[in-house]
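Have a look at the model first.

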Amino acid sequence: MEQELIWYRMLTIIEKLNRALKEDGWIREDEENAYAIKDLVVMKLLREKPACVKTEVFLVPYIRYSTATKDKAGAMMRSDPVKRPFEYYLARVEPSPADVEVPERANVEVIAECINNPFSFHMPLPQIEACGIDTAALPRKEWINAPDFHHANYLTAKAQIEQAVAELEHLK
């Protein structure tokens, strides 16, 4: 149990740090060091394979979007009264056959579950290969449009919160 709590604490800290790295205002050196720490923790996890942490690893293809796909995303962006980054709209457009995969720019998603909590980290191919994992043999991450992805996450969180509330009520 002690090892499980240590892994849980490390994964929680790395997840918070990883999320914070998406915000502006970082000192460049701190940002690079934070990503390096995240990579080291995830690599340690993959190398040691602790029994208390379940892991899944997926190849996440990098897609160079075609003009048609970019045009669809652009039209969505122009019609939306709320200003959002272009990538937000690209995530809502299903890739077309004209989009080109660039294998050398792919990365890997590592999903770790510890104490019934999922954690997700994206890693560059070289770090994963350094752990002895054949990235060419990894299952590919399936594309899911952003609304469906977020809806599924919402439903999972809602169910977990409802269960926790029910457990608290049962303790009264």
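About 2100 Å³ of space lies in the largest pocket of this predicted model. A pocket here is an open set of points on a 1 Å grid over the protein atoms alone, where a 1.4 Å probe fits, with protein on both sides within 12 Å along at least five of seven lines. The volume is the space filled by probe spheres set on the points, which are joined across faces, edges and corners.

So who sits around this pocket? The lining has 45 residues, and the closest to the pocket's centre are Val60, Glu109, His122, Lys141 and Phe149; a lining residue has an atom within 4 Å of a point. By class, the lining splits into 23 nonpolar, 10 polar and 12 charged residues. Nonpolar covers Ala, Val, Leu, Ile, Met, Phe, Trp, Tyr, Cys and Pro, charged covers Asp, Glu, Lys and Arg, and the others, Gly among them, are polar. Several elements give at least two residues each to the lining, including helix H1 (2-20), helix H2 (28-48), strand E1 (53-60), strand E4 (107-114), strand E5 (117-124) and helix H6 (146-171). Helices (H or I, at least four residues) and strands (E, at least two) are DSSP runs, numbered from the N terminus.

Two quick notes on the ground rules. Residues are numbered from 1 along each chain as its sequence is written, and side-chain values use heavy atoms, with hydrogens and water left out. Since this is a predicted model, local features need pLDDT of at least 70 and side-chain atom pairs count only at pLDDT 80 or more, while totals for chains, interfaces and linings use all residues.

Now for the sheet. Three of the lining strands turn up again here: the open sheet of 3 strands has the order E1-E4-E5, with antiparallel pairing. E1 and E5 are at the edges with a single partner strand each, so one side of each has no neighbour in the sheet. On average, neighbouring strands are turned by 20° against each other, direction ignored. Strands count as paired if DSSP finds at least two bridges between them; E1 and E4 have 8 bridges, and 8 bridges also join E4 to E5. Some bridge partners are listed here:

| Residue | Partner |
|---|---|
| Thr55 | Ala112 in E4 |
| Phe58 | Glu109 in E4 |
| Glu113 | Pro118 in E5 |

Glu109 also stands opposite His122 in E5. E4 and E5 form a hairpin with 2 residues between them, and Ile115 in the turn has a positive phi of about 50°.

What about the helices? H1 lies across E1, E4 and E5, at about 60° to E5, and H2 touches E1, E4 and E5 too, its direction making about 110° with that of E5. Contact means heavy atoms within 4.5 Å. H1 and H2 also pack on each other, at an angle of about 145° with their axes 10 Å apart. Axes are lines fitted to C-alpha atoms, for helices over the stretch in contact, and angles run from 0 to 180 degrees between N-to-C directions. Among the residues making this contact are Trp7 and Leu11 of H1 and Tyr35 and Val41 of H2.

Zooming out, the protein has 6 helices and 5 strands, and its C-alpha trace spans about 55 × 45 × 35 Å along its principal axes.
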